[in-house]
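Subject: Structure handover, with notes on what was found

Dear colleague,

I am passing on the structure that we discussed, and my notes follow below it.

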Amino acid sequence: MTPAVAHAARGYLLLTPAMAVLAFTMAAPLGLLLAYSFWTQHGLVVDTRLTLAAYAAILSDPGFALVFLRSLAIAAMASLAAIVLAYPVAWFIAFRARAKFLWLLLVTIPFWTSYLLRVFAWKVILGYNGVINSGLMALHLVATPVTFLLYNPVAVVLTLIHGYAPFAVLPIYVSLEKIDPSLLEAAADLGDNPAKRFFRVTLPLSMSGVIAAFVLIFIPATGDYVTPSLVGGANGLMIANLIQAQFGRADNWPLGAALAITTIAAVSLLCVLAATGARRAASRIR
Amino acid sequence: MSSPPLLEIRNLTKRFKDRPAVENAGFTIARGEFFSLLGPSGCGKTTLLRLVGGFIPPDDGTIFIDGEDVTTRPPEKRLVNTVFQSYAIFPHLDVAGNIAYGLRSEGVAAAERERRVTEALHLISLSGYGRRRPHELSGGERQRVALARALVKRPKLLLLDEPLGALDKHLRESMQIELRQIQREVGISFLFVTHDQEEALAMSDRIAVMQHGRVLQVADPKTLYDAPNSRAVASFIGTMNFFHGRVIGSDGAAVVVDLPDFGRLPVPKNGGDNFAPGTMVTVAIRPEKVTLSPVPAPGSVEGRIASITYLGDRSQIKLAVGTGKIPVTAILPQEQSIQPGADALYVSMPAVSILLLRD
Amino acid sequence: MTRARYGKVRGAAAYAILYLLFLYAPVLLLPLFSFNDSVFVAFPLSGLTGRWYSAMAADEEMRIALFNSLKVGIAASVASTLLGLTIAQVLTRGIPGRRLFAGFSNLPLFIPDIVLGISLLILMTRLAIPLSLATVILGHLALCLPFAAGVLLSRFEGFDLSLEDASRDLGENAWMTFFRVTLPLVLPGIAASLILSFVVSFDDFLIAFFLCGTDTTLPVYIWGELRFPYKLPNVLALGSTILLASTILIVCAEWLRRRGTQSQPAAVAI
Ligand SMILES: Nc1ncnc2c1ncn2[C@@H]1O[C@H](COP(=O)(O)OP(=O)(O)OP(=O)(O)O)[C@@H](O)[C@H]1O
Ligand SMILES: [Mg+2]
């Protein structure tokens, strides 16, 4: 064995436990999930002959398509809004803040508390006797509590924006932080005012962070279960609620598996499209 | 009426946390001049350049470009461009995109822009490199792109912050020549920062020597070399022998100085400086002006050879004179050789070559 | 110019402060209502009380769930940090297929939790492995590994490999070099990885929801309580306690880390 081969062999040996764990806890379950989506279930018996029955069932029921599209739209809106809201904060921390470290810590601390309870807090804010309603009543702006705040897609979007905020701030901050300040000075030197500098230098150079933020928020948001369950109401149900139902009340695992596979396929495709589109757009900026 | 200088700075001061990085700096640069800022690391060259470029505001003082006060103008509104020490090539744009950056900012039409980019690529001998990405360029190529990017803007003054610092010795020397050629060709004034005195001497029309944030002397290379106005300037430019002494009298155009190891020496007064007897002074002489001889000559003293360093075309000799506390450095041209076994030479310092500096 | 820039900084700072308010306001409702003397989590507030905290302390089920979550969190964070260490150690040393392995270890980040949860449930059912805390820990390994590997990789990448060469040059073998040079230098990264993985595991609801069987973890327990209004104040008291504890933990950990290196909080490395 040459030293290079021995080095690589030692490396692979050392990697084996981690890769085995990932194979067992991720690759194998996903493989089985894929297989399950081609199976059928009759009562307690699972028929392992391969069919497209589950996918056909999804296609034949417009209700599934509706929830799918709603989930993707809600997740896309939440990720875009989270990015737009977080970008100025990340910019401020990277370029202007004195105590960067403190700011980053402040942004991350709410993220270290129970996600369930954070979502629940939004229910309290938006609810019938919630913060907003009691505020409005105290100011005599409304006579009875308004009910359009909670149990709708907007409430879900708002709660998701809040829940995934650090995933927006941190990647954008990291990409902004890497920008060599002399590039901005060069842009000024060559005649750009601050607004032009931002669009021609800062924005394209931070695009990798924006894309990372989008992916890190969009994927879990699409599959979020807690938020639609607590603040979504009937019109705010999302795909995770449907998937869970197949493993609970409806007890149709193959259908649940097919929904899950479709979800993965849809979010991956959309992420790739969004990332490519964003990169294209950024490379157009000259 | 003569037109105003291209750049004039007056009493410029910049402090960082109360510590001055540039203090009371003032000089002017003429049209078409190659002007260098020379000084040791940390003396405030970059800070001064950034003040002129408009990247940092001064605490005090004024900057005029073409007679106009630009002290409070942002960089994008000054007719000055910069070649950054790190080059600051935009990584997300190709070479042509980098060079065209400032032209787009001005709103130059596409056809004109393309023509000027092609012209600039030709000027820096990188024709055909327009589509290359910055990471596909060598250090020297990157440096030239940075230069072209600034030059296409046709600034009145180009600021260069140690543009050759990151290049190896060979490339640096050829770039020095190229840079000087380009500067003559385009006729733009250059304000060039370097800590390399040889580079400054070789390239500049005039040089400002800085130390601790202050401008010590502004002069052409020959004057700086032959007649430095202070010990700091003299020691920074080339090698110099320094001796401490006391003025003991005056003899027409010369003062007589008493040096511990050399005895009494008549030294020409440069300028109108009046050295009263008793003043402590520094006497300086370049190594190549020290004459050595195997036999005693009038006014010479014996020097014991301490070391000989072979430098190719010449040798540098260190000799101990008198008490031997301060070695004398001299240069021995190749044709003059030392007899094998010789351990002493006679050292003399021609009066015309001696500089008198106040302590 | 100075003044204009100063004005802009103030504008950006003001926005950043508003953003923080948006982040904190909902979270701070938890402690507020946990001291409110009413079973209903709604305004107006009806007086100060500490009784929910004593009720929480007396809640046996909750205590069991808390201990379950601690067990799972410790096991998952230690295991994923150890595995993350092997990944970081190997992948920062140039090995064929480096990008493939790195991508594979990051893959769980790109799978929604609900999908990971149900597919693990299917696997456990097919293999007839009974659901328990052990299955939750397995699921959390997949969940935590990308975070552990991410933090450790960024720490290892900032590490000068010639230090290891120097140690070998001075006569230490590969293992002793790891213990005497590599390990001390990456220790802050290990601490960050442990904390981050622990928090990810401790906060996970969905994976545990599908895999815990009857061994309830804290989030699963809280999920159950959210449906019973009269039990809510206990949960709020618990949430406030967790908030306080994790804030103290994070601030201390980051402060410790910062004493070693002038760098960013652990979460930034993800
Ligand atoms: N932004 C800053 N904040 C605080 N001090 C600074 C800053 N920039 C420069 N200084 C200090 O001002 C002094 C002058 O720095 P400057 O960069 O101008 O030196 P320089 O002559 O360009 O040195 P070099 O040849 O090493 O580049 C130094 O002591 C430096 O530490
Ligand atoms: Mg400098």
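Chain B has 359 residues, of which 50% count as buried, where buried means under 20% relative accessible area, exposed over 50% and partly exposed in between, with a 1.4 Å probe and protein chains only. Please keep in mind that this is a predicted model, in which local features need pLDDT of at least 70 and side-chain atom pairs count only at pLDDT 80 or more, while totals for chains, interfaces and linings use all residues. Residues are numbered from 1 along each chain as its sequence is written, chains are lettered from A and ligands numbered from 1 in the order in which they are written, and side-chain values use heavy atoms, with hydrogens and water left out.

The two chains described here

Chain B contains eight helices and 20 strands, where helices (H or I, at least four residues) and strands (E, at least two) are DSSP runs numbered from the N terminus. Its C-alpha atoms fill a box of roughly 75 × 45 × 40 Å along the principal axes. Chain C, by contrast, comes to 11 helices and zero strands, and its C-alpha trace spans about 70 × 70 × 30 Å along its principal axes. Of the 270 residues of chain C, 52% count as buried.

The surroundings of ligand 1

The residues around ligand 1 are B:Phe16, B:Arg19, B:Ala21, B:Ser41, B:Gly42, B:Cys43, B:Gly44, B:Lys45, B:Thr46, B:Thr47 and B:Glu162, a residue being counted as near if one of its heavy atoms lies within 4 Å. This shell divides into three nonpolar, five polar and three charged residues; here Ala, Val, Leu, Ile, Met, Phe, Trp, Tyr, Cys and Pro count as nonpolar, Asp, Glu, Lys and Arg as charged, and the others, Gly among them, as polar.

A side-chain N or O atom of B:Ser41 is 2.5 Å from an oxygen atom of ligand 1, a backbone N or O atom of B:Gly42 lies 2.8 Å from an oxygen atom of ligand 1, and a polar backbone atom of B:Gly44 is 3.0 Å from one. Taken alone, ligand 1 exposes 640 Å², and the protein buries 62% of that, the areas coming from the Shrake-Rupley method with a 1.4 Å probe, where for residues only the protein chains shown count as cover. Strand E2 (19-29) and helix H1 (45-53) of chain B are the elements that give two or more residues to this shell, and the largest share, three residues, comes from H1(B).

The sheets of chain B

An open sheet of four strands has the order E2-E1-E4-E5 in chain B, with antiparallel pairing, two strands being paired if DSSP finds at least two bridges between them. Its edge strands are E2 and E5 (68-69), each of which pairs on one side only. Strand E1 (residues 7-16) is joined to E2(B) by seven bridges, and B:Glu8 stands opposite B:Thr28 in E2(B).

A further open sheet has five strands in the order E15-E19-E16-E17-E18 (chain B), and the pairing is antiparallel. Strands E15 (291-293) and E18 (328-333) of chain B stand at the edges with a single partner strand each, so one side of each is left without a neighbour in the sheet. Within this sheet, E16 (residues 301-310) and E17 (residues 314-321) of chain B pair over seven bridges, with B:Thr309 opposite B:Gln316 and B:Ile305 opposite B:Leu319. Their hairpin has three residues between the strands, and B:Gly312 in it takes a positive phi near 90 degrees. E16(B) also pairs with strand E19 (residues 344-348) of chain B over four bridges, where B:Glu302 has B:Tyr346 as its bridge partner. B:Val321 belongs to strand E17 of chain B and counts as buried because its relative accessibility is 1%.

Lastly, strand E6 (residues 80-83) of chain B is covered on both faces, with B:Val80 and B:Thr82 buried on one side and B:Asn81 and B:Val83 on the other. E6(B) pairs in the parallel sense with strand E7 (residues 157-161) of chain B over four bridges, and the bridge partner of B:Val83 in E7(B) is B:Leu160.

With best wishes

Terms used
A polar contact is a pair of N or O atoms within 3.5 Å; within protein, one must be able to donate a hydrogen and the other to accept it, and residues adjacent in sequence count only if both atoms are side-chain atoms.
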